[in-house]
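Here's a quick run of questions and answers to read with the model open. Grab a viewer and follow along.

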Amino acid sequence: MSIERRLMPRRCPLAPVARGRNRVAGERALAARLASLYPGDDFVDWTCLDGYNWGTSQPWSSWQSFGDLFGPGIAQLRALSTRPVHVAETGSTEVGGDKAAWITDMFAYLDQHPEVRGVTW
């Protein structure tokens with residue numbers, strides 16, 4: 001049993017615990033799961049996403065910009081909620097691209113998306 005499942009019922013018995021996997025299950029499947037799990041803005045203060053640019057470091061991965069990585073998820077959250085978005089964790093490898101340029105692109109993307117109110121690297 002995950003730590004969230006053990007602690008959340010004691011701290012907030014009405015809050016469901018939901019985890020989604022970016023792109024692994026496919027964007028449509030993730031959107032359907034998010035919609036079915038989201039309890040509504042009455043119960044949520046912030047929405048969060050996490051994602052990683054694995055570059056070409058893995059056989060299954062390719063270089064992705066910050067916008068490519070988070071754009072679909074942010075759009076899905078916007079369709080479900082009016083709450084602010086936080087990128088709860090992100091990062092980029094240097095394998096297969098320019099990490100410094102990726103970070104610069106991340107800040108440019110965030111400047112264009114005020115609904116994203118925080119980022120944790």
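Q: Which residues form one aromatic cluster?
A: This is a predicted model, where local features need pLDDT of at least 70, side-chain atom pairs count only at pLDDT 80 or more, and totals for chains, interfaces and linings use all residues. Numbering starts from 1 along each chain as its sequence is written, and side-chain values use heavy atoms, with hydrogens and water left out. Rings of Phe, Tyr and Trp (its six-membered ring) pair if their centres lie within 6.5 Å; planes under 30 degrees apart are stacked, over 60 edge-to-face and the rest tilted. The cluster is made of Phe66, Phe70, Trp102, Tyr109 and Trp121.

Q: How many aromatic pairs does this rule give?
A: A pair of aromatic rings is described by the distance of the centres and the angle of the planes. Going by the ring rule, the count is six aromatic pairs.

Q: Which helices does the pair of phenylalanine 66 and tryptophan 102 link?
A: Helices here are DSSP runs (H or I, at least four residues), strands are runs of E (at least two), and both are numbered from the N terminus. The two residues are 36 residues apart, so to speak in distant parts of the chain. Phenylalanine 66 belongs to α3 (residues 66-80) and tryptophan 102 to α4 (residues 99-111), which makes the helices α3 and α4.

Q: What kind of pair do phenylalanine 66 and tyrosine 109 make?
A: The ring centres of phenylalanine 66 and tyrosine 109 are 5.5 Å apart. With the planes at 65 degrees, the pair is edge-to-face.

Q: Is phenylalanine 66 buried or exposed?
A: Buried means under 20% relative accessible area, exposed over 50%, and partly exposed in between (1.4 Å probe, protein chains only). Phenylalanine 66 has a relative accessible area of 0%, so the word is buried.

Q: Is tyrosine 109 buried or exposed?
A: Its relative accessibility is 14%. By the cut-off of under 20%, tyrosine 109 counts as buried.

Q: At what angle do α3 and α4 pack?
A: Axes are lines fitted to C-alpha atoms, for helices over the stretch in contact, and angles run from 0 to 180 degrees between N-to-C directions. The axes of α3 and α4 are 9 Å apart. The angle is about 35 degrees.

Q: Which residues of α4 make the contact with α3?
A: Contact means heavy atoms within 4.5 Å. From α3 come Phe66, Gly67, Leu69, Phe70, Gly71 and Ile74. Their partners on α4 are Trp102, Asp105, Met106, Tyr109 and Leu110.

Q: Which residues does leucine 110 touch, not counting residues up to four places away in sequence?
A: Leucine 110 lies in helix α4 and counts as buried at 15% relative accessibility. Its C-alpha is 8.9 Å from that of glycine 67, 43 residues apart along the chain. The residues touched are Phe66, Val116 and Val119.

Q: Where is asparagine 53, and is the residue buried or exposed?
A: Asparagine 53 has a place in strand β1 (residues 47-53). Its contacts, leaving aside neighbours within four places in sequence, include Leu69 and Trp102. With a relative accessible area of 2%, asparagine 53 is buried.
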